[in-house]
Every structure is written in C-alpha cells, then in structure tokens.
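Biologist: Could you show me the model, and then take me through the sheet and what packs on it?

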Amino acid sequence: MPLRGLLKKAKSLAEENLPSEVLDASRKLRDSVMERAPDAVTDALERIGGSEDGDAPATPTASATSDGFTARRDEALQRVKSKADDGLKPEDSLVVVYATAEERDAVAHIETIFDSIDTVLRVMDLDKEPPQTKTQLAKLTGVMVPPYVYINGRYWGAHFDMESLAASGDLENIVANRLDNLSPLAKRMGRVRETYDDEITVENILERWKLGHILCVDDLDAWYEVDKDGTEHFYCHGGPRPVEDMPTVAEEIVAAVEAEEYEATWQLEPTVALDG
C-alpha cells in the first residue's frame, strides 16, 4: 500500500481510539509546526502526509510560511463547507468496504483507487462480524462474493466497479454525494433511485427491517429475515422475538432514543447514527 494510504489508515484508527484531548493536542502541535517550520520542511510534510484532511499535497508556492498555512486552512474549510452543502458531515466514514481475509488483494486495490480522493475509507472484516451480516449483504446486493463497497451508505460494487467509476470520473461525485452529476451508467450501477429515510421513527424502522436492514440498538443488532420456505424471523436484544412484536419494539426504540437513553445505529444501507 502507498505511504499515503498507510498514513490515512493510521489517522482513521487514531481518531477512533484516542481520547479527544490527545487528538486536540496533536492537532495543535501539527499546526504549530506548520506555522513555524521553514518552507522546505512544510513542503516535505505536505508531500508525505497531504493536507489535514488527507488530500493530495498542495502545489508549493513562493509565499511566506504563514500565508501558506492560511491558504491550507482555507482550503480545508472550503472542503468541509462543500460536504455540508451536499448533506454530508465531514467526519463521516463515507467509504466502507466489507470483505474477508480472502479478498485482501482486492481490498488493497480498492484502497489504492481511493488514495487520490478526499474521503475516509474503513475496512470491515466480515470474518469478525456476526454471521448474519454476510447473509444480509448478499441478500441486499444480490452478490454472493465480497468485497462489497458502500459509499455514503449505498452499495456501488466491488474493486472492478470502483476502477470503472474512477476511470469515468464518476467516483469523486459519488463520494461528494453529487448524484445528479453522475453518468447514466453510474446511476444504474448505484441504483440511485433507491433512497432510504434515515429518521428513527416507528414507520421507518419497520419499513427498513422489512428490507433486511440491520439496526444496532445499544450494541445489540435488531433485524428481520425470511427463510427460503417463507418462515419469518425477528431478532432483537440478543435473541429471537415474535414477529408480531416488531411494532412494539420499534416504539420502544424510538422512545429510548428520543429520551437519550441509548444509541441506535443503522448498520447497512445506509450507515447512520444517533448518539444518545
């Protein structure tokens, strides 16, 4: 994997696991270095790590170091604003790759494709996920073999599909959520007409459960599935529940989330979270 890819992965892991005060101190130290270091040092740091959001390094200029830092800051703020304008939070994990150890080479190829795009990529090891995750992914996508690449919560294919989308120039628009700008082929690949409401309401929870989506409630998955013989199953809070209890359970979840008693997170199609 290229050095930039390794650095982006390290940054993502640090943001997930380090306390906020440690991250804040690290950012202040980085900013202080970038403000005071000679041009040659800041240029080298940019070439190695890119800007603070993981972009490709800015083109070196003859301006003073402080002016260069201000320009980089303004560029970062503009990227944040651009994502907000398109309905995305800049801290979102926009690209999620579901795969097993057998798809290691394919995942590495996917990471290389996204190296030049301003996004955060997270790889989910299906060997460590609950068994039903593989089943639900295959059911949702109609594809039996990983890897599965989700961008902004929508399935877009595997490594060869990412290659095609990058070659056509559609991939950056997909990451930025500019779906109206996609080519007809890309829209067909992403089944763009399929959209899902992210609200945690009784009606929406029931609808998405019926679609096979998984809702993680207080760290325990809740989902609905149908066997090949047509038998319905509903699982919640670590065990099976009667299917007829689904409306009542949905009401309990909504009430608890609104009361900020715990967290509810959609696991698939798309990934959303409400922090309690």
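Modeller: First the terms: strands (E, at least two residues) and helices (H or I, at least four) are DSSP runs numbered from the N terminus, and two strands pair if DSSP finds at least two bridges between them. This is a predicted model, in which local features need pLDDT of at least 70 and side-chain atom pairs count only at pLDDT 80 or more, while totals for chains, interfaces and linings use all residues. Residues are numbered from 1 along each chain as its sequence is written, and side-chain values use heavy atoms, without hydrogens and water.

Biologist: OK, what is the strand order in the open sheet?

Modeller: The four strands are arranged β2-β1-β3-β4, and the pairing is mixed. Because β2 (121-125) and β4 (154-157) each have a single partner strand, they stand at the edges, with one side left without a neighbour in the sheet.

Biologist: And how do β3 and β4 run, parallel or antiparallel?

Modeller: Antiparallel, with three bridges joining β3 (residues 148-151) to β4, and tyrosine 150 stands opposite tyrosine 155 in β4.

Biologist: Which strands does helix α6 lie across?

Modeller: Helix α6 (residues 131-141) lies across β1 (95-99), β3 and β4, at about 75° to β3; such angles run from 0 to 180 degrees between N-to-C directions, with axes fitted to C-alpha atoms, for helices over the stretch in contact.

Biologist: Switching topic, what does leucine 121 touch?

Modeller: Leaving out residues up to four places away in sequence, leucine 121 touches Val95, Val97, Ile110, Glu111 and Phe114, where contact means heavy atoms within 4.5 Å. Leucine 121 lies in β2, and its C-alpha atom is separated by 7.5 Å from that of valine 97, 24 residues apart along the chain.
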